[in-house]
Amino acid sequence: CASEDVRIALRGRDRLFTWRRSLVVDLATVRSAFIEDRGALEADIDHRAVGFGTHNGGKRPGRRRVGAMLGRGVPGRQFWAVSAGAPTVRLLVLESESGPFARVVLEAGADGESCVIAAVSAS
């Protein structure tokens, strides 16, 4: 739980379509971390920049999304790494002050979520 960053390792098609093997988010650059229902986040996805998944999250919800997305309400690119799921699935959201992505949206277990949120709150 004492990590200074969040590491997302990509495999297979995700690696190919996103043109990256991994993404590292330095927790020192994260201004907020919170849990949100997938449906609330996905409705604002307008376009896939690079990656795997459909554009237009409002019309095509619940699909696998991995890679850079553009959407309403977030100034800049978002990185999503989530498998297909219901709109009630809770996702971890990291909003960054700097770096390649303004927002990173992940699936995480309860232990991982609480560690990240605690680390961001402490800084």
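I take contact to mean heavy atoms within 4.5 Å.

**Ground rules.** I am reading a predicted model, in which local features need pLDDT of at least 70 and side-chain atom pairs count only at pLDDT 80 or more, while totals for chains, interfaces and linings use all residues. Residues are numbered from 1 along each chain as its sequence is written, and side-chain values use heavy atoms, with hydrogens and water left out.

**Layout.** I looked up the secondary structure, where helices (H or I, at least four residues) and strands (E, at least two) are DSSP runs, numbered from the N terminus. The protein chain has three helices and eight strands. From the N terminus on, I read the order β-α-β-β-α-β-β-β-β-β-α.

**Surface.** I noted an accessible surface of about 6,700 Å² for the protein chain, with 52% of it belonging to carbon and sulfur atoms. Accessible areas come from the Shrake-Rupley method with a 1.4 Å probe; for residues, only the protein chains shown count as cover. I call a residue buried under 20% relative accessible area, exposed over 50%, and partly exposed in between (1.4 Å probe, protein chains only). Of the 123 residues in the protein chain, 38% are buried.

**Strands 1 and 2.** I checked how strand 1 (residues 5-9) meets strand 2 and found antiparallel pairing over five bridges; two strands pair if DSSP finds at least two bridges between them. D5 has D26 in strand 2 as its bridge partner.

**Cores.** I searched for nonpolar cores, meaning sets of buried Ala, Val, Leu, Ile, Met, Phe, Trp, Tyr and Cys residues joined through side-chain atoms within 4.5 Å. The largest has 19 residues, and V6, I8, V25, L94, V104 and V116 have the most contacts inside it. Among the elements supplying at least two residues each to this core are strand 1, strand 2 and helix 3 (110-122). A second, separate core has eight residues, including L41, I45, M69 and W80. Leaving out residues up to four places away in sequence, I listed the contacts of V6, among them L23, L94 and V116.

**Salt bridges.** I counted a salt bridge where a side-chain nitrogen of Lys or Arg is within 4 Å of a carboxyl oxygen of Asp or Glu. The whole structure holds eight. In one of them, D37 and R90 have their closest N and O atoms 3.4 Å apart. This pair links distant parts of the chain, with D37 in strand 3 and R90 in strand 7, 53 residues apart. D37 is partly exposed at 29% relative accessibility.

R65 and E42 form another salt bridge, at 2.7 Å from N to O. R65 is in strand 5 and E42 in helix 2 (residues 38-42), 23 residues apart. I found both R65 and E42 buried.

**E95.** E95 lies in strand 7 and is buried, with a relative accessible area of 14%.
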